Structure formats: C-alpha cells, structure tokens
Amino acid sequence: RAVLGRAAVALSPPALLVGVVASLATKLGDTFASEIGKAYGRTTYLSTTFRRVPPGTEGAVSLEGTLAGVGGSLILAGYGVGSGL
C-alpha cells in the first residue's frame with residue numbers, strides 16, 4: 001500500500017504499469033505535438049487568447065501539431081494494449 005497524503009491507496013502492479021504507459025503516452029504526444037507543430041504548423045493560435053501568432057511561439061497550438069500529438073499518444077497506448085495491459 002502506498003500512502004498519498006492522508007488516503008491509503010492500494011496500487012497493484014498492473015495499475016502501476018498502466019500509469020507508466022499513460023505517462024509515456026502523454027510525453028510522446030507532447031513531444032510529437034511540439035516538434036511537428038513547429039515544423040509543419042501552418043496556422044498557429046495562442047492557446048490563451050486564440051489569436052493568430054507566428055509558428056514557434058511559446059504556448060501556440062496548430063491543427064497539425066494537435067493531430068500529431070493525438071497520434072503519438074495513440075501509438076504508445078496501442079503498444080500498451082497490444083502488450084496486454
């Protein structure tokens with residue numbers, strides 16, 4: 001049992017593995033979104049104001065980067081499912 005704050009939570013090995021795969025899927029999705037968005041993003045918007053900004057602007061999002069991020073996450077999540085998690 002692991003104690004998180006005042007609540008005790010039972011963490012079984014499969015739950016930990018799912019957490020690791022989810023964490024890695026998030027990281028891969030973020031990396032794909034950042035790199036593909038910077039390289040191929042045609043129209044970028046600032047996520048806080050939704051105004052158009054130049055590609056590479058900190059906090060900007062693009063359709064290309066967003067789709068790449070979703071794809072990266074699905075690749076790693078698919079690997080987790082395929083390996084029996």
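Mentor: Let's start with Ser62, which sits in strand β5. Keep in mind that this is a predicted model.

Trainee: Why is Ser62 called buried?

Mentor: Its relative accessible area is 6%, and buried means under 20%, so Ser62 is buried.

Trainee: Which residues does Ser62 touch, leaving out those up to four places away in sequence?

Mentor: Gly37, Gly41, Thr43 and Thr44. Contact here means heavy atoms within 4.5 Å.

Trainee: What makes β3 and β5 a pair?

Mentor: Pairing takes at least two bridges. Three bridges join β3, residues 44-46, to β5, so the two strands pair, and they run antiparallel. Tyr45, for instance, has Val61 in β5 as its bridge partner.

Trainee: Where does β5 stand in the sheet?

Mentor: The sheet is open, with three strands in the order β4-β3-β5 and antiparallel pairing. β5 and β4 (52-53) each have a single partner strand, so they stand at the edges, and one side of each lacks a neighbour in the sheet.

Trainee: How do the lining residues divide by type?

Mentor: Four are nonpolar, nine polar and three charged.

Definitions and conventions
Residues numbered from 1 in each chain as written. Predicted model: local features only at pLDDT ≥ 70, side-chain atom pairs only at ≥ 80, totals over all residues. Heavy atoms only, no water. Nonpolar A, V, L, I, M, F, W, Y, C, P; charged D, E, K, R; others polar. Helix = DSSP H or I, 4+ residues; strand = E, 2+ residues; numbered from the N terminus. Buried < 20%, exposed > 50% of the residue type's maximum accessible area, 1.4 Å probe, protein only.
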